[in-house]
Amino acid sequence: MIDVKMTCSIENMKLIEEDGKYLLDISILANSKFETGRYKVMAMLPIGLSSFSISDNIYEGKMINIGFGDLPCIGDMVYETIEKKEQIMTLNEIENKLGYKIKLVSEK
């Protein structure tokens with residue numbers, strides 16, 4: 001396997017999603033005194049959408065956690081709305097959300 005006298009570099013990485021699980025297809029170049037070789041492996045990532053979080057604090061900056069610890073965000077974080085979804089609400093729910101009574105009238 002890899003020993004301390006080898007130098008290694010990542011040649012290629014590809015994220016693959018299969019059946020709700022995330023895999024990383026990796027190829028690593030290993031250089032030793034005697035040869036250059038390539039390791040190819042598929043690794044399962046401990047990514048779970050239920051453990052997804054984004055945080056921002058003055059000491060560490062913006063961090064994202066997709067299942068295996070906080071990772072620092074580089075550059076600006078961008079959010080875009082892809083689709084606005086229709087909401088089904090009762091008149092009582094609308095009034096509770098607004099905080100006051102309303103009277104619905106027709107648009108005519």
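**A Chain Seen from Strand S2**

Ser27 has its place in strand S2, which spans residues 21-31; helices (H or I, at least four residues) and strands (E, at least two) are DSSP runs, numbered from the N terminus. The structure is a predicted model, in which local features need pLDDT of at least 70 and side-chain atom pairs count only at pLDDT 80 or more, while totals for chains, interfaces and linings use all residues. Residues are numbered from 1 along each chain as its sequence is written, and side-chain values use heavy atoms, with hydrogens and water left out.

Taken along the principal axes, the box filled by the C-alpha atoms is roughly 85 × 35 × 25 Å. The radius of gyration of the chain is 25 Å, whereas a compact globule of 108 residues would have one near 13 Å; the radius is taken over C-alpha atoms, and the globule rule is 2.2 Å times the number of residues to the power 0.38. Of the 108 residues in the chain, 10% are buried. Here buried means under 20% relative accessible area, exposed over 50%, and partly exposed in between (1.4 Å probe, protein chains only). Among the contacts between residues at least 6 apart in sequence, 10% join residues at least 24 apart, a contact being heavy atoms within 4.5 Å.

Ser27 itself counts as buried because its relative accessible area is 6%. Apart from neighbours within four places in sequence, Ser27 is in contact with Ser9, Ile10, Glu11, Asn12, Arg38, Tyr39 and Lys40. Strand S2 pairs with strand S3 (residues 36-44) in the antiparallel sense over nine bridges; two strands pair if DSSP finds at least two bridges between them. A hairpin of four residues joins S2 to S3, and Leu23 stands opposite Met44 in S3.

Asp19 is exposed, since its relative accessible area is 78%. Although not a glycine, Asp19 has a positive phi of about 55°. Most residues other than glycine have a negative phi.

Three salt bridges are found in the whole structure, each being a side-chain nitrogen of Lys or Arg within 4 Å of a carboxyl oxygen of Asp or Glu. In one of them, the side chains of Arg38 and Glu11 meet at 2.6 Å, N to O. This pair links distant parts of the chain, with Arg38 in strand S3 and Glu11 in strand S1, 27 residues apart. Both Arg38 and Glu11 are also among the contacts of Ser27. Glu11 counts as partly exposed because its relative accessibility is 38%.

Another salt bridge joins Lys62 and Asp56, whose closest N and O atoms are 3.5 Å apart. Lys62 is partly exposed at 33% relative accessibility, while Asp56, with a relative accessible area of 53%, is exposed. The side chains of Glu95 and Lys101 also meet in a salt bridge, at 3.5 Å from N to O. Glu95 is buried at 9% relative accessibility, whereas Lys101 is exposed at 68%.
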